Every structure is written in C-alpha cells, then in structure tokens.
Amino acid sequence: MANCRRDPESEPESVFPHEVGLFTDSYSEKSRFCFCGHVLNITQNFGSRLGVAAGVWDSALSLCNYFESQNVDFRGKKVIELGAGTGIVGILAALQGGDVTITDLPVALEQIKGNVQANVPAGGRAQVCALSWGIDQHVFPGDYDIVLGADIVYLEPTFPLLLGTLQHLCGHHGTIYLASKMREEHGTENFFQHLLPQHFQLELAQRDEDKNVNIYRARHREPRPAHHS
C-alpha cells in the first residue's frame, strides 16, 4: 500500500466559510496518506489565524515513515505529541495502539479534533488538549513513554520552554522522537547539537537528505553514579 503514501489526487478544496467569525481568507485542503496499513484523511485549514500550524509538514511525514519502516511499537504506550498542527503523527500513534494525547496551542485544536474524528474510530485512545510550553506542562503527568514532535524546533525564544516541557513530560525510561527540518537561520542545529544533549542522551536516528529532515531519538541521561573517594 506504500504507493498511496502521498495521494496525487489529494483534492484541494476551496471552502468559503459561512460561519460568522471565520476569516474570509481561510480555505481547507484534504489529503490522503497511507502509513502502517492505515489510510489517513487529513484536512488542513489555511488562514491567517492558523499560520504554521495549518499544513502537514515534511517532518511529520518523515516521522510517520520512520515509525512504519522501524515498526515502532506504540501498543499500550502512554504517548503525547507537542505542536501537533494537523495531528497526523499522534493519530498514527493512536491507530497503532498508543494511548495518545495530542497537543498544540488553542488556535490549532479545532483542526486537530476534526482530523481525530475523521481517522480514529470511536473508542480509539486519542484526546486533544491545549498545551503552551513553559506555561502549563505541569498540568500534564511526567511519565509519558513516548513524546513526539514534528517540526517544532524553529523559534529560538521557545527553545528553553520546549526543553523544560520535554524534561517534565518524558518519563524516566521514556523516549522522545523529534523530526525537524534543519534550518540554519532558525537555530535548529544549535538546539540539537548543544541544548538538548545537555539534558538528554541524543542520537540521530535517520536523515532524509532530499527533504533536509533529521529524526532524533532522545532519552533521559542516566544519573551519574555517586563518586566515592
């Protein structure tokens, strides 16, 4: 089924909103993707309010590809996705058996909820919540088995907030998967080369040269054994 990964017939639809309060410059586009035997129908809403949250970014698709090729096991795992955008990564994790919390800023939640409804069967374990890094991560438990993020490392002022959020959310034996387009001008490399390794054991799990996307796997550093003189 790999040939339907990016369906050429993804149908751009111009939808002119009728509800009061929506911007007249907004429109939505529906795309179909196929990963791990699941066909995902993802709606992307574009408009001035959503900004970067709207589209399915290359990094999200690279992360989904990685989960498929590496057969990452989500069954029974407690999973959280940060800065989810369309929610495609968290939705795939839920379809693969994870108990998933999909988060983003409040403005993006409606889009995510629509995609969860369209793809996760009733009874599937995917909830959608607002999470602002550095502000309300402590409302969430600190014992997630898997923390996910696709293209969330691009605004340098948010890096310390993201780091603190990752430190809180990732359980002691948890794993963080971050897929990121390596933009020099956004300090992305600095985050992965200097900031994240101060607190986590980090490895480059995969690199997509064509799309300039790196996938990193991170785990809490083991505490150093006490030094006895």
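This is a predicted model: local features need pLDDT of at least 70, side-chain atom pairs count only at pLDDT 80 or more; totals for chains, interfaces and linings use all residues.
Student: What makes up the protein in terms of helices and strands?

Tutor: Five helices and 10 strands.

Student: Why is Thr-175 called buried?

Tutor: Buried means under 20% relative accessible area, exposed means over 50%, and partly exposed is in between (1.4 Å probe, protein chains only). Thr-175 has 8%, so it is buried. This residue lies in strand 8. Its contacts (heavy atoms within 4.5 Å) include Asp-145, Ile-146 and Arg-217, leaving aside residues up to four places away in sequence.

Student: And why is Leu-161 called partly exposed?

Tutor: Its relative accessible area is 37%, so Leu-161 is partly exposed. Leu-161 sits in helix 4 and touches Trp-133 and Gly-134, again not counting residues up to four places away in sequence.

Student: How do you know that strand 7 and strand 8 pair?

Tutor: Two strands pair if DSSP finds at least two bridges between them. Strand 7 (residues 144-150) and strand 8 (residues 170-181) have six, in the parallel sense. In one of these, Leu-148 is bridged to Tyr-177 in strand 8.

Student: What is the strand order in the sheet?

Tutor: The open sheet has seven strands, ordered 6-5-4-7-8-10-9, with mixed pairing.

Student: What makes strand 6 and strand 9 edge strands?

Tutor: Strand 6 (126-130) and strand 9 (200-208) each have a single partner strand, so one side of each has no neighbour in the sheet.

Student: How do you know that helix 3 lies across the sheet strands, and at what angle?

Tutor: Helix 3 (residues 109-119) lies across strand 5 and strand 6, and runs at about 175 degrees to strand 6. Axes are lines fitted to C-alpha atoms, for helices over the stretch in contact, and angles between N-to-C directions run from 0 to 180 degrees.

Student: What makes a set of residues a nonpolar core here?

Tutor: The members are buried Ala, Val, Leu, Ile, Met, Phe, Trp, Tyr and Cys residues, joined through side-chain atoms within 4.5 Å. The largest such core has 35 residues, and Phe-67, Ile-88 and Val-89 touch the most other members. A second, separate core of 25 residues includes Ile-176, Phe-191, Phe-192 and Leu-196.

Student: Which residues of helix 5 are buried?

Tutor: In helix 5 (residues 188-195), they are Thr-188, Phe-191 and Phe-192.

Student: How do you know on which side of helix 5 they lie?

Tutor: The arc is that of the directions from the helix axis to the C-beta atoms. Theirs is only 85 degrees, so they are on the same side of helix 5. They pack against helix 4 (159-169), strand 8, strand 9 and strand 10 (213-220).

Terms used:
Residues are numbered from 1 along each chain as its sequence is written. Side-chain values use heavy atoms; hydrogens and water are left out. Helices (H or I, at least four residues) and strands (E, at least two) are DSSP runs, numbered from the N terminus.
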